[in-house]
Amino acid sequence: WYHFRIEVEDSVIQTDIRVKVWAEGDAEPAGWQAEASDSGANRLTSGTVGVWSMSSGQKYWDDFAVRPLSPPPTDLTLDVTIVGNGGVTKTPDSALYTLGDVVTLEATPAAGFVLAGWSGDVTSQSNPLDVTMLASSNITATFTEIQLHPLTIATTGTGVGSVVANPDQPSYLTGDTVSLTATAAPGSVFKGWSGDASGSANPLDLVILGPTAVTANFSSGGYANDFN
């Protein structure tokens, strides 16, 4: 003899089938041994169970029982917690949702803040965020303050020159790229960069990762190419 247990549960979006089988005398396995899901539009969501005998007086089952599962939850909640400065709108905005409902969350950062991401029952960086209601959920929207970093440019050495930054602004976001172009005055030569930059590339593409200070080094003794 073998025992078997089959559980079939249909939700709005799919039908889940779970099975376990164990031999007579063994303990029933704690977990399901096989699981499958059917999300096809034409899948069966209800029906009957039939049991047959091979001949009179013979049977191939014992203690057969069919019990309905608890109905799927229909009163689901979606709670949104906000960390930092910003707001979140829910569409549709309802106190309760039904299994399978899709709710769109859209985050709006306050001035000077940015959405860092969603956490809790859903982890994502998407904005807006579509949430399919399969259970009551708690989601946190985290807003972080935009970090602006100053860029200080100086010149040094025995020569004379100047540096132009593009874009030229008092501060930059983390990850911004700034192009620095050094121009030596007549009689001077650009020798390279120091501080938070190195090498002699000119122009120099500089990635801002924090407060940044760069020095352009010029030496005297260059010759101007000026022929008339």
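Author: Start with the surface. This is a predicted model, and its protein chain has an accessible surface of about 14900 Å². Carbon and sulfur atoms account for 52% of that area.

Reader: What percentage of the residues count as buried?

Author: Of the 228 residues in the protein chain, 24% do.

Reader: How many helices and how many strands does the chain have?

Author: The secondary structure comes to zero helices and 16 strands. The radius of gyration is 34 Å, well over the 17 Å that the globule rule gives for 228 residues, so the chain is more spread out than a compact globule. Along the principal axes, the C-alpha trace spans about 120 × 40 × 35 Å.

Reader: What can the contacts tell me about separation in sequence?

Author: Take the contacts between residues at least 6 apart in sequence: 51% of these join residues at least 24 apart. Glycine 100 lies in the loop between strand S5 (86-91) and strand S6 (102-109). Leaving out residues up to four places away in sequence, glycine 100 touches Val12, Ile13, Thr132 and Met133.

Reader: Is glycine 100 buried or exposed?

Author: Buried means under 20% relative accessible area. Glycine 100 has 19% relative accessibility, so it counts as buried. For a distance across the model, take glycine 100 and alanine 184: they are 84 residues apart along the chain, and their C-alpha atoms are separated by 67 Å.

Reader: Next, salt bridges. How many does a search of the whole structure find?

Author: The search finds six. In one of them, arginine 5 pairs with glutamate 28, with the closest N and O atoms 2.9 Å apart. This pair links distant parts of the chain, since arginine 5 is in strand S1 and glutamate 28 is in the loop between S2 and S3, 23 residues apart. Arginine 5 is partly exposed at a relative accessible area of 31%, and glutamate 28 is partly exposed at 35%.

Reader: Which lysine meets glutamate 28 in a salt bridge?

Author: Lysine 20 does, at 3.3 Å from N to O. Lysine 20 has a relative accessible area of 5%, so it is buried.

Reader: What is the salt-bridge partner of arginine 18?

Author: Arginine 18 forms a salt bridge with glutamate 9, and the closest N and O atoms are 3.1 Å apart. Arginine 18 counts as buried at 14% relative accessibility, whereas glutamate 9 counts as partly exposed at 31%. Salt bridges that share partners join Glu7, Glu9, Asp16 and Arg18 into one network.

Reader: Which residues make the nonpolar surface patch?

Author: The patch is made by Tyr2, Phe4, Ile6, Val8, Ile17, Val21, Val49, Phe64 and Val66, and its area is about 890 Å². Strand S1 (2-10) and strand S2 (15-23) each supply at least two of the patch residues. S1 gives the largest share, with four residues.

Reader: Where does valine 49 lie?

Author: Valine 49 is in the loop between strand S3 (34-38) and strand S4 (78-83). Exposed means over 50% relative accessible area. With 55%, valine 49 is therefore exposed.

Reader: How should I read the peptide bonds?

Author: Most peptide bonds are trans. The bond from asparagine 127 to proline 128 is cis, with omega near 5°. Proline 128 is found in the loop between strand S7 (113-120) and strand S8 (129-132). The bond from asparagine 202 to proline 203 is also cis, with omega near 5°. Proline 203 lies in the loop between strand S14 (188-195) and strand S15 (204-207).

Reader: Last, what is the mean pLDDT of the chain?

Author: The mean is 88, and 93% of the residues reach 70 or more. Over residues 224-228 the pLDDT is below 50, and beyond near neighbours in sequence this stretch has one contact in the model. Where pLDDT is low, the predicted coordinates should not be read in detail.

Terms used. Residues numbered from 1 in each chain as written. Predicted model: local features only at pLDDT ≥ 70, side-chain atom pairs only at ≥ 80, totals over all residues. Heavy atoms only, no water. Patch = residues over 30% accessible without salt bridge, like charges linked within 9 Å, V, L, I, M, F, W, Y side chains within 5 Å. Areas by Shrake-Rupley, 256 points an atom, 1.4 Å probe, with all protein chains shown as cover. Salt bridge = Lys/Arg side-chain N within 4 Å of Asp/Glu carboxyl O. Buried < 20%, exposed > 50% of the residue type's maximum accessible area, 1.4 Å probe, protein only. Rg over C-alpha atoms; globule rule 2.2 N^0.38 Å. Contact = heavy atoms within 4.5 Å. pLDDT = per-residue confidence, 0-100.
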